[in-house]
Amino acid sequence: MTSTTPLWEVFIRPRNGLAHKHVGSLHAADEEMALQSARDVYTRRGEGNSIWVVPSAMISASDPDQAGENFEPTSDKIYRHPTFYEIPEDVGHM
Amino acid sequence: MTLQTAILELADDNLVLGHRVSEWCGHAPLLEEDLAMPNMALDMIGTARSLYAYAAEIAGENQTEDDLAYLRDEREYRNCLLVERRNGDFAQTMLRQLYFAAFMHPFWVAAQTSTDETIRGIAGKAAKEMAYHIRHAGEWVVRMGDGTEESAARMREAIDALHHYTGELFVSSDAAQAAEKSGILPVRAEMRPTWDKTILDIFTEAMLEVPTVTYDQVGGRAGLHSEGLGHLLAEMQSVHRAHPGATW
């Protein structure tokens with residue numbers, strides 16, 4: 001089953017101007033069927049206007065064991081957050 | 001009443017096939033198809049609803065879409081025989097969908113220039129849905145036809161079982177001919193070249209042969225149906241008949 005229909009990760013763009021966001025995964029024989037299945041499984045309620053599918057095997061993931069060294073060093077560097085100045089109202093949504 | 005009959009033929013095609021495809025819900029071979037097939041079923045049932053509502057409006061007399069869908073018997077149904085064929089296996093279901101959508105897509109595209117405003121409205125939405133059905137069912141036909149030995153054999157069996165039901169799609173009843181003359185509905189026979197090309201292109205890619213049909217199985221437009229439709233209607237209409245007038 002999984003040898004003929006490998007796993008794909010699905011990314012949907014909700015609106016023009018926004019980025020594609022990971023929404024889930026599915027099994028499909030190839031990219032064309034994966035796109036169709038993604039349309040049927042993940043956009044039934046008008047969730048988006050564009051779909052990407054990527055073979056799950058093509059994704060390289062960070063090692064959970066390295067989570068500490070990867071991500072914890074940022075926790076005491078709050079000066080990197082853009083929260084120390086006020087955004088003028090005219091700028092709108094950032 | 002003639003226009004109502006012509007609209008009912010279209011509505012019945014969509015409702016009966018929509019119901020057939022919905023029978024897969026919970027039984028599809030893949031989770032992904034278990035969502036894809038009800039999606040397609042709902043497209044067709046939605047189109048049927050719009051058409052029944054219009055047919056009821058033409059009839060007047062306080063008729064409703066429910067009366068037309070749930071209170072007519074087998075002999076009063078005007079759908080073509082192709083759409084009532086039992087689901088069979090996944091190959092037969094996908095092939096039947098391809099045959100139907102390959103006809104309905106050019107039909108709805110042509111109906112977008114109908115002289116009737118309601119038909120134009122229904123056609124715009126339905127044409128997009130049918131374009132997707134051709135793609136979805138077509139991709140499966142290609143993958144099964146050009147797939148394993150078993151899937152190819154099943155596709156060939158599906159063609160043997162269904163191809164002689166496709167001729168009826170292109171035949172216009174007296175009621176349809178009247179609607180065609182006044183420009184309300186497209187001429188069914190004119191869909192033939194587009195249908196032939198769609199099927200030939202997909203079959204060629206699927207390594208399948210388009211058979212030569214010597215005898216077309218027809219009768220649905222005259223209310224002469226196969227045994228399967230009676231069972232389908234009995235199930236589909238049972239709730240409405242058991243609880244007349246019930247609402248959510």
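## Charges and conventions

Lys and Arg count as positive and Asp and Glu as negative, while His and the chain ends are not counted; the place of a charge is taken as NZ of Lys, CZ of Arg, CG of Asp or CD of Glu. With these conventions, the mean positions of the 8 positive and 14 negative charges of chain A lie 7 Å apart, and for the 21 positive and 38 negative charges of chain B the separation is 2 Å.

The model is predicted, with local features needing pLDDT of at least 70 and side-chain atom pairs counting only at pLDDT 80 or more, whereas totals for chains, interfaces and linings use all residues. Residues are numbered from 1 along each chain as its sequence is written, chains are lettered from A and ligands numbered from 1 in the order in which they are written, and side-chain values use heavy atoms, with hydrogens and water left out.

## Chain A

Chain A has 2 helices and 3 strands, in the order β-β-α-β-α along the sequence, where helices (H or I, at least four residues) and strands (E, at least two) are DSSP runs numbered from the N terminus.

## Helix H1 of chain A

Helix H1 covers residues 31-42 of chain A and reaches 15 Å from its first C-alpha to its last, close to the 16 Å expected, which is 1.5 Å times one less than its number of residues. Its buried residues, among them Met33(A), Ala38(A) and Val41(A), pack against strands E1, E2 and E3 of chain A together with helices H2 and H6 of chain B.

Ser37(A), within this helix, counts as buried because its relative accessibility is 6%. Leaving aside residues up to four places away in sequence, Ser37(A) touches Leu26(A), Tyr42(A) and Glu32(B), contact meaning heavy atoms within 4.5 Å.

## Chain B

Chain B contains 10 helices and 0 strands. Its radius of gyration of 17 Å is close to the 18 Å that the globule rule gives for 248 residues, so chain B is as compact as a globular protein of that length. Buried residues make up 54% of chain B.

Key:
The radius of gyration is taken over C-alpha atoms; the globule rule is 2.2 Å times the number of residues to the power 0.38. Buried means under 20% relative accessible area, exposed over 50%, partly exposed in between (1.4 Å probe, protein chains only).
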